Amino acid sequence: MILALDAMGGDKAPDINVEGAILAVKQSDDDILLVGKQDILYAQLDKWSKKYSFDKSRIRVVNATEIIEMGEHPANAARHKKDSSMAVCCKLVAAKQADAFISMGNSGAAMATSLLYFKRISGISRPAISISFPTISGRCTIVDAGANVDCKPEHLLQFAIMGDIYSKSVLGVKNPKVAILSIGEEETKGNELVFETSKLLKQTDLNFIGNIEGGDIPKAKADVVVCDGFVGNVFLKSSEGIAEMILKLIKNSIKANPLYWGATPFLKLAMKSVRKKADYDEAGGAPLLGVNSTCIIGHGKSNSKAVKNALFAASRCAKKNISNIIEEEIKKFQN
């Protein structure tokens, strides 16, 4: 696979992107195109080559003269910055010179740029961001995690179909359990969007199990959870904040009580295991499902490890050809 990485995207760009690309080529067979201001990227490669030994022929720099900043209006930036690192990445994929587009930058702009150059899959009304969320026994796919704040029942139906395909094809889940995120498990709980979506999902051959609450997601009660992007993003950001708070409370408690110090080596091992399972960096990025090519959107606060794993995620999705599978499945529901 050839992966086009927006090297200028993210709060810590370009450092973490270049380092992440180097880590990825050291652990995979994929080649990477670093897209951005070439003088800066060549200097970065020179810097990191002093720390890492890697095959320099597998990382190439592609020049892009513009950068879409984190605070820019997504649609305006996508339309007007035609030589941004995001736009150049998408042009490379659209021209079949790369197999996937990856960005840790402005997520709205990454989505808008993907839509501009890749277009929607035929039959898909709205693309959606699919988050792989950690659970007690594995991971749960949440669709949508922020791309669409106002949705109709038919949109959530499509999210469920795309999430089911991603869960089966990429995550290897057999017959995924699909649920709607609501304020209660009972069929009588929820808003009009939940009620109408439930009716649609009952008419499909998906393994639909009904409503679940937010607290059920970490308990692994479902493999795929659908919701509008507003609800999904609030759930995601709240969960991230709670996880950080718990880890800090544990650390502060250990520091404040000398009696706990003797157990510190054992606690560190346990916390390391927990952090690895719950850490966003392990997933790396979220696929934008519903566009005609592979697009992985990462967190703006990503580090090099997250970039590396986002590149791996992009490679997996591109190899599985998720876009084609989604298009074929959507046709079945339309017929």
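How do the residues of the lining of the second largest pocket divide into nonpolar, polar and charged? In this predicted model, the lining of that pocket comprises 11 nonpolar, nine polar and four charged residues. The second largest pocket has a volume of about 410 Å³. Its lining consists of 24 residues, and those nearest the centre are Ser107, Lys237, Ile297, Gly298 and His299. At least two lining residues are supplied by each of helix H5 (107-118), strand S5 (128-134), helix H8 (229-256) and strand S11 (294-298). The largest share, four residues, is contributed by H8.

Phenylalanine 133 and phenylalanine 235 form a tilted pair, with a distance of 5.1 Å centre to centre and an angle of 50° between the planes. Because phenylalanine 133 lies in strand S5 and phenylalanine 235 in helix H8, the pair ties together parts that are 102 residues apart in sequence. Phenylalanine 133 has a relative accessible area of 10% and is buried; phenylalanine 235, at 13% relative accessibility, likewise counts as buried. The count of aromatic pairs comes to two. In the pair formed by tryptophan 48 and tyrosine 52, the ring centres are 6.1 Å apart and the planes stand at 35°, so this pair is tilted. Tryptophan 48 and tyrosine 52 are both buried.

Rolling a probe the size of a water molecule over the atoms shows where empty space is left. One cavity of 30 Å³ or more was found, and about 80 Å³ of space lies in the largest cavity. The largest cavity is lined by 14 residues, with Leu288, Leu289, Ser293, Thr294 and Ile322 closest to its centre. Strand S10 (285-289), S11 and H12 each provide at least two residues of this lining. The cavity lining divides into 10 nonpolar, four polar and no charged residues.

The largest nonpolar core contains 59 residues, of which Leu34, Ile102, Leu311 and Ile326 touch the most other members. Helix H6 (residues 153-169) gives the most to this core, with eight residues. Apart from this core lies another, of 39 residues, among them Ala4, Ala77, Ala179 and Val225. When neighbours within four places in sequence are left aside, leucine 311 is in contact with Leu3, Leu5, Gly20, Ala21, Ala24, Ile32 and Ile102.

Helix H4 (residues 85-94) is largely enclosed by the rest of the structure, because eight of its 10 residues are buried. The buried residues are Ser85, Met86, Ala87, Val88, Cys89, Cys90, Leu92 and Val93. These residues pack against strand S1 (2-6), strand S2 (31-36), strand S3 (59-63), strand S4 (100-103) and H5. Just after H4, lysine 96 adopts a positive phi of about 65°.

Further backbone features occur in loops. Most residues other than glycine have a negative phi, and most peptide bonds are trans. Alanine 220, although not a glycine, has a positive phi of about 65°. This residue lies in the loop between strand S8 (207-212) and strand S9 (224-226). With a relative accessibility of 19%, alanine 220 counts as buried, the cut-off being under 20%. Asparagine 321, which is not a glycine either, has a positive phi of about 55° and is placed in the loop between helix H11 (304-320) and helix H12 (322-334). At 38% relative accessibility, asparagine 321 counts as partly exposed.

Cis peptide bonds were also identified. The bond from alanine 13 to proline 14 is cis, with omega near 0°, and proline 14 lies in the loop between S1 and helix H1 (15-27). Valine 143 and aspartate 144 are joined by a cis peptide bond with an omega of about 15°. Aspartate 144 is found in the loop between strand S6 (139-143) and H6.

Note on methods. Residues numbered from 1 in each chain as written. Predicted model: local features only at pLDDT ≥ 70, side-chain atom pairs only at ≥ 80, totals over all residues. Heavy atoms only, no water. 1 Å grid on protein atoms, 1.4 Å probe; cavity = no way out; pocket = protein on both sides within 12 Å on 5 of 7 lines; lining within 4 Å. Points joined across faces, edges and corners; volume = space filled by probe spheres on them. Nonpolar A, V, L, I, M, F, W, Y, C, P; charged D, E, K, R; others polar. Core = buried A, V, L, I, M, F, W, Y, C linked by side-chain atoms within 4.5 Å. Buried < 20%, exposed > 50% of the residue type's maximum accessible area, 1.4 Å probe, protein only. Contact = heavy atoms within 4.5 Å. Phe/Tyr/Trp six-rings, centres within 6.5 Å; stacked < 30°, edge-to-face > 60°.
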